[in-house]
Amino acid sequence: MRRIFTITALLMVCAALCAAPSLSTIFPNFSEQQIQSLMQGSVFEAVTSDGQKITSIAPRGCQGMNLAAKSDRLYDGFAVSSVKFIPYPESFQSLSQNEKEVYLYNLLRSVSTMKGLQYISHLAGEKPTTLFKDSYMISNPDKTNSKIEDPVSSSVPSRFDCYAYQKDNRFGSNVYSVKYTIKEGDFLMEISNYTNMKYMGFSCVDKGALHMYLEVIEAEEGFVLFTNAMVSGREPQVKVLFITVDLPSAFLRRTTALSDWFEERVNAQ
């Protein structure tokens, strides 16, 4: 009898440890109204150049909180961030935990599916515009023609690094280093510019100065998507000919497009 009780207790402890955290646990400083607003589709944003704290919207106990703390300490540059909630699609709920992990891992590495991704462009009059005219993984960061297929795995490591080429609507052709860090239902995708980024032919962001993140967290109620972009050594506004480019707005639109890409992909399955 004692053995049965012990086994039952251990199973209950394991279940508790493996259970996904609730939204109220991930966002302990959010009011009940804010949690409800998040679940109903509201997106919370923060921009350091506007005097806002990224930590005010970052997911507690997740990889994103460390990024937020770093963003708030970034004095020579700026950072933008957003958080949104996506209900689990029925197809995802029917998977085992291992199948869910593999599914998310492969989805986040399907870089080629970003080709044709839309975003809301300020210069186009706040209308949907194609963000990436091309997008694919490459085997050699110094050769944009070293195109490879999106990798597909049957298991999930704790870390994976690769390179990607993307032809941006405004920033032209760029190579990025892409790193994935996975920690028990917490998937972090980090995108850094391997090449200098230019706007209309003028240097805009130096090599390695951009770090853009998409974090996907499995919560009890659904997915939490936390995005972040940090740009160091650059003022928020840059003048190109007769145009003043607001970089925080430009990169917030791109991180928003990243989270929209994930949402479209996960709901298309």
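Guide: Let us start with a term: a salt bridge is a side-chain nitrogen of Lys or Arg within 4 Å of a carboxyl oxygen of Asp or Glu. Glutamate 263 and lysine 84 form one, with their closest N and O atoms 2.9 Å apart. This is a predicted model, in which local features need pLDDT of at least 70 and side-chain atom pairs count only at pLDDT 80 or more, while totals for chains, interfaces and linings use all residues. Residues are numbered from 1 along each chain as its sequence is written, and side-chain values use heavy atoms, with hydrogens and water left out.

Visitor: What makes lysine 84 and aspartate 260 a salt bridge?

Guide: Their closest N and O atoms are 3.3 Å apart, and the limit is 4 Å, so the pair qualifies. Lysine 84 lies in strand β2 and aspartate 260 in helix α7 (residues 247-268), so the pair ties together parts that are 176 residues apart in sequence. Helices (H or I, at least four residues) and strands (E, at least two) are DSSP runs, numbered from the N terminus. Lys84, Asp260 and Glu263 are linked in a network of salt bridges.

Visitor: Why is lysine 84 called buried?

Guide: Buried means under 20% relative accessible area, exposed over 50%, and partly exposed in between (1.4 Å probe, protein chains only). Lysine 84 has 12%, so the label is buried. Aspartate 260, at 26%, is partly exposed, and so is glutamate 263, at 24%.

Visitor: How many salt bridges does a search of the whole structure find?

Guide: The search finds five. Among them is the one between aspartate 161 and arginine 159, whose closest N and O atoms are 2.8 Å apart. Aspartate 161 is partly exposed at 44%, and arginine 159 is partly exposed at 43%.

Visitor: How do you know that strand β2 and strand β13 pair?

Guide: Two strands pair if DSSP finds at least two bridges between them. Strand β2 (residues 77-87) and strand β13 (residues 222-232) have 11 bridges, in the antiparallel sense, so they meet that requirement. Serine 81 stands opposite asparagine 228 in β13.

Visitor: Why do β1 and β6 stand at the edges?

Guide: The nine strands form an open, antiparallel sheet in the order β1-β2-β13-β12-β9-β8-β7-β5-β6. β1 (44-47) and β6 each have a single partner strand, so one side of each is left without a neighbour in the sheet.

Visitor: Where is serine 146 found, and is this residue buried or exposed?

Guide: Serine 146 is found in the loop between β5 (132-138) and β6 (147-148). Its relative accessibility is 13%, so serine 146 counts as buried.

Visitor: Which backbone atoms does the side chain of serine 146 reach?

Guide: The side chain reaches the backbone nitrogen of asparagine 140 at 3.0 Å and the backbone oxygen of lysine 143 at 2.6 Å. For a polar contact, a pair of N or O atoms must lie within 3.5 Å; within protein, one must be able to donate a hydrogen and the other to accept it, and residues adjacent in sequence count only if both atoms are side-chain atoms.
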